[in-house]
Amino acid sequence: MLLNFFQKKKKHNNGGLVKHQSIQSRVTHYKQYPPNTSKMYSYFECREKRTDSTKSRKVKYDQTVFYGLQYILHKYLKGKVVTPEKIQEAKEVYREHFQDDVFNEKGWNYILEKYDGHLPIEIKAVPEGSVIPRGNVLFTVENTDPECYWLTNWVETILVQIWYPITVATNSREQKKILAKYLLETSGSLEGLEYKLHDFGYRGVSSQETAGIGASAHLVNFKGTDTVAGIGVIKKYYGTKDPVPGFSVPAAEHSTITAWGKDHEKDAFEHIVKQFPNVPVSIVSDSYDIYNACEKIWGEDLRALIETRSADAPLVIRPDSGNPLDTVLKVLEILGKKFPVQENSKGYKVLPPYIRVIQGDGVDINTLQEIVEGMKQHRWSIENIAFGSGGALLQKLTRDLLNCSFKCSYVVTNGLGVNVFKDPVADPNKRSKKGRLSLHRKANGDFVTLEEGKGDLEECGEDLLHTVFYNGEIVKTYTFDDVRDNAKLKEGELEELLH
């Protein structure tokens with residue numbers, strides 16, 4: 001039904017189901033626009049804060065990573081998405097829901113008959129993976145048939161759900177910048193950066209679809225994940241030159257340790273290490289006493305076994321409780337006394353290559369910063385450690401973090417085009433843009449959004465918004481390799497991080 005308008009039955013293009021919390025109100029909007037309206041044009045942005053309400057926030061998120069639109073278009077909007085059955089079901093549900101006949105049956109039948117159920121809209125967007133400063137247009141939507149002016153904002157709800165992959169990818173990239181800065185400062189190299197932040201978030205998200213979308217967004221920036229649903233999303237909706245876009249290693253969990261009993265923790269460790277001699281193996285070591293495990297079991301009882309491992313197949317010790325910074329520092333201190341530590345070219349301590357640490361408890365963008373700064377102060381290289389993040393990476397995020405917004409900026413009524421906007425007196429942050437929009441990059445590299453159709457002027461240069469969807473068809477796509485390339489840390493950013 002059109003209550004779940006973008007639900008696709010298996011006999012159509014794709015599986016999947018989405019219910020929209022705000023779509024019910026849109027059912028009546030076609031009656032509310034000015035008479036003789038023929039064009040509705042709206043845009044999406046991550047609004048910048050014009051007032052200093054983010055003063056207390058440690059991370060400003062000045063830039064955003066645009067990712068996830070291609071997934072939404074493929075799964076929910078392309079092809080024949082309007083059918084007689086859906087129209088009839090929606091008509092009946094909305095009659096009961098509103099206690100009135102407010103459903104636009106005529107409009108949906110028009111789309112069914114004239115366009116065979118394909119949506120007569122055009123969507124223009126920046127390339128996926130683009131890193132764009134807040135406050136710039138990221139995509140626009142407009143109807144291509146004057147009879148379907150109401151359709152532009154009907155699709156808002158499903159399209160605005162792009163806030164989630166954008167926010168995950170943006171937050172992940174900001175953590176990549178932190179790790180890059182400290183890795184360069186403490187080792188002089190970015191080797192291994194793509195594996196420094198591992199996705200532990202599968203069980204901490206709200207749904208299977210959330211897991212797939214969120215994990216794929218993290219993989220824009222990194223290559224380590226335990227949320228394999230993201231691999232499926234990428235392979236199906238983007239594609240990569242490599243067989244898989246993300247990797248993991250064999251890893252113990254508490255049950256595989258505690259199942260041996262407290263008196264046999266050493267036996268559990270030894271057994272698991274021997275099971276995986278040729279690849280890295282991560283072993284959670286805090287089931288009872290993380291410090292005893294590091295000092296006595298790993299540092300004495302099993303030391304000879306660990307020393308036989310190679311740099312390509314290290315033991316990775318995982319603490320999983322306590323204050324993250326304090327625990328990491330104490331674990332490194334104990335291991336540094338039990339195994340031969342070397343000093344790298346930057347003067348920082350490095351454990352032998354056959355042993356490393358992964359901190360996977362309590363890791364978010366703020367604690368990550370605290371841990372790497374603490375390690376630097378205690379002269380430990382970031383080479384020694386990787387991080388795992390779960391809920392903070394994929395779930396503890398909202399649309400408000402980046403102020404994701406979809407607003408109408410241009411209409412045509414009675415044949416006259418009008419630039420429209422909102423400007424709430426109580427909140428200047430919610431002021432919206434006017435008219436038809438375009439995005440440009442100036443000679444100095446800065447991005448600028450031009451309003452009121454001014455991007456049509458020749459001197460403005462190329463518009464970075466490209467048509468990706470037209471009348472039910474996806475007309476431009478990006479591979480996941482394209483996305484990663486667009487989102488990669490640039491040379492200038494790295495230089496800025498170090499100064």
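Which residues in α7 meet which residues in α8? Select α7 (residues 163-187) and α8 (208-218) to see the answer: Tyr164, Pro165, Val168, Ala169 and Ser172 in α7 meet Thr210, Ile213, Gly214, Ala217 and His218 in α8. Contact here means heavy atoms within 4.5 Å. Helices (H or I, at least four residues) and strands (E, at least two) are DSSP runs, numbered from the N terminus.

This is a predicted model, in which local features need pLDDT of at least 70 and side-chain atom pairs count only at pLDDT 80 or more, while totals for chains, interfaces and linings use all residues. Residues are numbered from 1 along each chain as its sequence is written, and side-chain values use heavy atoms, with hydrogens and water left out.

**α7 with α8**

The two axes are 8 Å apart, at an angle of about 35°. Axes are lines fitted to C-alpha atoms, for helices over the stretch in contact, and angles run from 0 to 180 degrees between N-to-C directions. The crossing of α7 and α8 is right-handed, that is, the near helix is turned clockwise from the far one by less than a right angle. The contact has six nonpolar, four polar and no charged residues. Ala, Val, Leu, Ile, Met, Phe, Trp, Tyr, Cys and Pro count as nonpolar, Asp, Glu, Lys and Arg as charged, and the others, Gly among them, as polar.

**α7 with α15**

On the α7 side the contact includes Asn171, Ile178 and Tyr182; on the α15 side it includes Leu368, Val372 and Lys376. By class, the residues of this contact are six nonpolar, four polar and four charged.

**α12 with α14**

Next select residues 290-301 and 324-338, which are α12 and α14, packed at about 20° with axes 10 Å apart. These helices are therefore roughly parallel too, and α12 passes α14 in a right-handed crossing. Among the contact residues are Tyr291 and Cys294 of α12 and Val331 and Ile334 of α14. The contact divides into six nonpolar, two polar and four charged residues.

**Annotated sites**

Select Arg203, His254 and Arg318, which an unreviewed UniProt entry annotates as "binding site"; such annotations may be inferred rather than shown by experiment. The lining of the largest pocket takes in Arg203, His254 and Arg318. On a 1 Å grid over the protein atoms alone, a pocket is an open set of points where a 1.4 Å probe fits, with protein on both sides within 12 Å along at least five of seven lines; lining residues have an atom within 4 Å of a point. Arg203 is in the loop between β6 (197-199) and α8.

Finally, UniProt (unreviewed entry) gives "binding site" at Asp226, Arg318, Pro319, Asp320, Gly360, Asp361, Gly391 and Arg399. They span 174 residues in sequence, and the farthest two C-alpha atoms are 32.3 Å apart, so they do not all gather at one spot. From this set, Asp226, Arg318, Asp320 and Gly360 belong to the lining of the largest pocket.

Technical notes
Angles under 35 degrees count as roughly parallel, over 145 as roughly antiparallel, 65 to 115 as roughly perpendicular and the rest as oblique.
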